[in-house]
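Open your viewer and get ready to click along.

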Amino acid sequence: MLKGFKEFIMRGNVVDLAVAVVIGVAFGQVVTAIVNSLINPLIAAIFGKPDISGVLTFTINNAEFSIGAVLQAGLNFLFVAAAIYFVIVLPLNKLAERRARGIEPEPDPLTTDQQLLTEIRDHLAARR
């Protein structure tokens, strides 16, 4: 039982996942700092409030509706997605593109039929 657990933990997928979680948390803190230090003050300068979650709120029969909270969550998602794309995805794609420039993709391996036909062709060519 412990041997199976050890194999599970040492498998590359689990280690990669653990690294991704740690990096994701650290990256989330960077994005949070950017939002809190740069974007929210900009929103405060425009709307007079530190974020737009308090904007466009209204109450009907003691039920409070907040369109600004939905907009704030959408903006936060867009900020995180843009940061991930421009800081991680785009540079990694460029790096992979540079690495693949000089490398030709390997041809697909021949099927059994193709191998037999190649051998027959070579044998017939050698007999001529």
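## First stop: the hairpin

Select Asn62, which sits in the loop between strand 1 and strand 2. This is a predicted model, so keep the confidence values at hand for later. Asn62 has a phi near 60°, a positive value in a residue other than glycine. Is Asn62 buried or exposed? At 79% relative accessibility, Asn62 counts as exposed.

Asn61 has a positive phi of about 50° although it is not a glycine. Asn61 is exposed, with a relative accessible area of 74%.

Next, show the strands on either side of the turn. Strand 1 covers residues 57-60 and strand 2 covers residues 63-66. The two strands pair in the antiparallel sense over four bridges, and they form a hairpin with two residues between them. To follow one of the bridges, pick Thr59 and look across to strand 2, where its bridge partner is Glu64.

## Second stop: the aromatic pairs

How many aromatic pairs does the structure hold? There are two. For one of them, display the side chains of Phe58 and Phe65: the ring centres are 5.1 Å apart and the planes meet at 15°, so the pair is stacked, the cut-off being under 30 degrees. Phe58 counts as partly exposed, at 36% relative accessibility. Phe65 is partly exposed too, with a relative accessible area of 39%.

For the other pair, go to Tyr85 and Phe86, whose rings are edge-to-face. Their centres are 5.1 Å apart, with 80° between the planes. Tyr85 has a relative accessible area of 38% and is partly exposed, whereas Phe86, at 55%, is exposed. A pair of aromatic rings is described by the distance of the centres and the angle of the planes, so try reading off both values in your viewer.

Keep Tyr85 selected and show the helix around it. Helix 3 runs over residues 67-100, and a kink of about 40° in this helix is centred on Tyr85.

Colour helix 3 by accessibility and look for Gly68, Gln72 and Ala83, which are buried. Ala82 is also found in helix 3, but counts as partly exposed, at 32% relative accessibility. From Ala82, draw a distance to Leu117: these residues are 35 apart along the chain, and their C-alpha atoms are separated by 53 Å.

Move on to Pro107, in the loop between helix 3 and helix 4, the latter made of residues 112-127. Pro107 is exposed, with a relative accessible area of 71%.

## Last stop: the whole chain

Which elements will you pass from the N terminus on? They run α-α-β-β-α-α, and the secondary structure comes to four helices and two strands.

What are the overall dimensions of the C-alpha trace? Along its principal axes it spans about 95 × 45 × 35 Å. The radius of gyration of the protein chain is 28 Å, but a compact globule of 128 residues would have one near 14 Å. Of the 128 residues, 8% count as buried.

Finish by colouring the model by pLDDT. The mean for the protein chain is 81, and 95% of its residues reach 70 or more. Where is confidence lowest, and where is it highest? It is lowest in helix 1, residues 2-10, at a mean of 73, and highest in helix 4, at 89. Where pLDDT is low, the predicted coordinates should not be read in detail.

Terms used: Residues are numbered from 1 along each chain as its sequence is written. Side-chain values use heavy atoms; hydrogens and water are left out. Buried means under 20% relative accessible area, exposed over 50%, partly exposed in between (1.4 Å probe, protein chains only). The bend at a residue is the angle between axes fitted to the seven residues ending there and the seven starting there. pLDDT is the predictor's confidence in each residue, from 0 to 100. Two strands pair if DSSP finds at least two bridges between them. Rings of Phe, Tyr and Trp (its six-membered ring) pair if their centres lie within 6.5 Å; planes under 30 degrees apart count as stacked, over 60 as edge-to-face and the rest as tilted. The radius of gyration is taken over C-alpha atoms; the globule rule is 2.2 Å times the number of residues to the power 0.38.
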